[in-house]
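Visitor: Please take me through one part of this model in detail. I would like the protein-DNA contacts, with the cut-offs spelled out.

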Protein chains: 2
Amino acid sequence: MQKTKRLLAIEKIIEEAHISTQDELLKRLKGKGISCTQATLSRNLRQLGVARIPDSTGEYKYSLSENIRSTANSPVKLNIVPVIQDIVEAKGLMVIKTIPGNASNTAFFIDGAGRYEIAGTIAGDDTILLIPRDGITLQQVHTCLEIILPGIHDQIKKK
Amino acid sequence: MQKTKRLLAIEKIIEEAHISTQDELLKRLKGKGISCTQATLSRNLRQLGVARIPDSTGEYKYSLSENIRSTANSPVKLNIVPVIQDIVEAKGLMVIKTIPGNASNTAFFIDGAGRYEIAGTIAGDDTILLIPRDGITLQQVHTCLEIILPGIHDQIKKK
DNA sequence: TTGTTTTTTGCATATTTATACATTTATTTT
DNA sequence: AAAATAAATGTATAAATATGCAAAAAACAA
C-alpha cells in the first residue's frame, strides 16, 4: 500500500534529519519520490504519534514519540531475527506464528510498543493471539505491525 | 516576577491535566488568576521545551519534554532482540550466552546465514558453542556476527 | 466480474501557533 | 535620581497545522 510506504519513509526521515515543519518534510518526501499534501501529512504524523518539540536552541523539531512510550519496557526493535513465520486472521483476531519458543518475546515486544490499536496479546510457545481494540480493523493492525516491525510482511511473503 | 510564577503554573497544569491547545491552557491560567495572551504562552511553552504530542487516541496533548528528549534524540538505536547476553572466547572457540531457552533458535538463525567463517554451532538451552572454520580468527567471526546481527556488540557492551 | 463498503486523499478552510514590531516594565549604570 | 539597556508583553498578523467534506482509491462481497 502507498500509505505504509509513506509512513515508513516519514519515520526514517524524522529520525535522520532535523525537520521543523510539515512543509519541510513534504519536500523531503518528494525528493524520495513520495508525494502527498500537507493535510495527509498532518494525519500521518498524528497516527505515528510524532511530536513537535522545541529544542534548546529555540527551534522546533519533529520527533518520534513511539520511543518515548516504549523506552521503559523495550528499548530495542525486533526486526532482524526472522522469528515470525506466518499471520492468520480469524474472528477479528490475529494469530501470529513464530519459530518455537519465541512467541513470548515477540508478544512482549509488541506490547511494549504501546500501540492504541492493540488491546492485548496472549502468547504460547510459538503462537501469539493478538486482540485488536474495538473499532480497529485488521488492516489497521497490519499497518500498525508494519510500524512496530518494519518489513514484517515482506518477510512472511518471501517464504 | 510575574513570568516565573506563570512558567511554574504552566508546568503544573500540563502535568496534571490533558491540555490540547494553548487557548485551553490560557483559560486554566485565568482560572488560577494568571492572565496573559496566547502569544506569550507560545513563547513560554517554547522556553519550557513543552511538546505537543498526538496520543494513541488521536488527541493532542501538551507534555513536558525533559523525559522525552533523551530518548527521542538519542542517536543510538539497537535493532535486535536482546537475547544475546554475553560472548566469551576460549580455545579458539566462541561461547555465546543467551537468555534462557533462546540458544537453539539463535543458533539456528546464525547457521541460516550460511557464513563460510562458521563451521557450525551447538546449542544448549542458553548457551551456544560456535566453531569457526580453520584459519578463521575470532576477530573475523566477530565481524561476521556483526553482519548477521547488526548492533550485537553494542548491545552487549551496554550491559 | 459488478456492486457495496471502507479507507485514503486532496481541496478548501478553520483552527491553532509563532513572530515582527511597538510598547511597557523591569534592571542596570552613571 | 535619571538615563540607558535589557526583558517581557500585547497587538496584529503571518505561518503552520488540523479537519469537514467530497471525490478517488482500495478492499471486500456476491
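Guide: Of the atoms of DNA strand D within 4 Å of the protein, sugar or phosphate supplies 60%, and bases supply the rest. This is a predicted model, in which local features need pLDDT of at least 70, side-chain atom pairs count only at pLDDT 80 or more, and totals for chains, interfaces and linings use all residues. Residues are numbered from 1 along each chain as its sequence is written, chains are lettered from A and ligands numbered from 1 in the order in which they are written, and side-chain values use heavy atoms, with hydrogens and water left out.

By class, the surface near DNA strand D has five nonpolar, seven polar and seven charged residues. Here Ala, Val, Leu, Ile, Met, Phe, Trp, Tyr, Cys and Pro count as nonpolar, Asp, Glu, Lys and Arg as charged, and the others, Gly among them, as polar.

Now the polar contacts, meaning pairs of N or O atoms within 3.5 Å. A polar side-chain atom of Gln22(A) sits 2.7 Å from a phosphate oxygen of DNA strand D.

Next, the elements. Helices are DSSP runs of H or I, at least four residues long, numbered from the N terminus. Helix 3 of chain A gives the most to the surface near DNA strand D, with five residues. Helix 1 (2-16) and helix 3 of chain B each supply at least two residues there.

DNA strand C has 20 residues around it, and Arg6(A), Thr40(A), Thr137(A), Arg46(B) and Tyr62(B) come nearest. Sugar and phosphate make up 63% of the atoms of DNA strand C within 4 Å of the protein. Thr40(A) has a side-chain N or O atom 2.6 Å from a phosphate oxygen of DNA strand C. Thr37(A) uses a backbone N or O atom, 3.0 Å from a phosphate oxygen. Arg43(A) reaches a base: a side-chain N or O atom lies 2.7 Å from a base oxygen of DNA strand C. Helix 3 of chain B gives the largest share of the surface near DNA strand C, five residues.

Technical notes:
Near = heavy atom within 4 Å. Polar contact = N/O pair within 3.5 Å; in protein donor to acceptor, adjacent residues only side chain to side chain.
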